[in-house]
Amino acid sequence: MQFIKSAFIALALFSTIGGTTASTKSNTDIQSGTVYICTGPKARKYHSSPNCRGLNRCSGSIKSLSVSAAKSKGFTPCRICYR
């Protein structure tokens with residue numbers, strides 16, 4: 001029984017450490033990239049590509065900027081691009 005507990009704890013610790021490292025790298029990569037936003041009055045999402053179908057109904061123009069700039073303007077990730 002003790003072996004099973006130890007194995008479970010080791011597995012949980014390993015997956016937590018691995019998951020944190022992977023997500024941190026992913027967030028760092030995303031933070032330094034260029035994203036695309038719609039300049040329309042109702043737009044609230046940023047996109048990884050200007051060809052994302054989430055931008056199909058953009059009532060303004062499509063503008064590129066950094067992720068940090070998009071976040072500072074209140075934009076959040078598109079659920080299509082960033083699944």
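The dialogue below covers the sheet, the core and the pocket.

Me: What kind of model is this, and how are residues numbered?

Reply: This is a predicted model, numbered from 1 along each chain as its sequence is written. Local features need pLDDT of at least 70, side-chain atom pairs need 80 or more, totals for chains, interfaces and linings use all residues, and side-chain values use heavy atoms, without hydrogens and water.

Me: In what order do the strands lie in the sheet?

Reply: Strands (E, at least two residues) and helices (H or I, at least four) are DSSP runs, numbered from the N terminus. Two strands pair if DSSP finds at least two bridges between them. Here 4 strands form an open, mixed sheet, ordered β3-β1-β2-β4. β3 (62-66) and β4 (76-77) each have a single partner strand, so one side of each lacks a neighbour in the sheet.

Me: Which residues form the largest nonpolar core?

Reply: A nonpolar core joins buried (under 20% relative accessible area, 1.4 Å probe, protein chains only) Ala, Val, Leu, Ile, Met, Phe, Trp, Tyr and Cys residues through side-chain atoms within 4.5 Å. The largest has 10 residues, including Val35, Ile37, Cys38 and Phe75. β1 gives the largest share, 3 residues.

Me: How much space lies in the largest pocket?

Reply: Rolling a probe the size of a water molecule over the atoms shows where empty space is left. A pocket is an open set of points on a 1 Å grid over the protein atoms alone, where a 1.4 Å probe fits, with protein on both sides within 12 Å along at least five of seven lines. Points join across faces, edges and corners, and volume is the space filled by probe spheres set on them. The largest pocket holds about 290 Å³. Of its 14 lining residues (an atom within 4 Å of a point), those closest to the centre are Cys38, Ala43, Gly54, Arg57 and Cys58.

Key:
Buried < 20%, exposed > 50% of the residue type's maximum accessible area, 1.4 Å probe, protein only.
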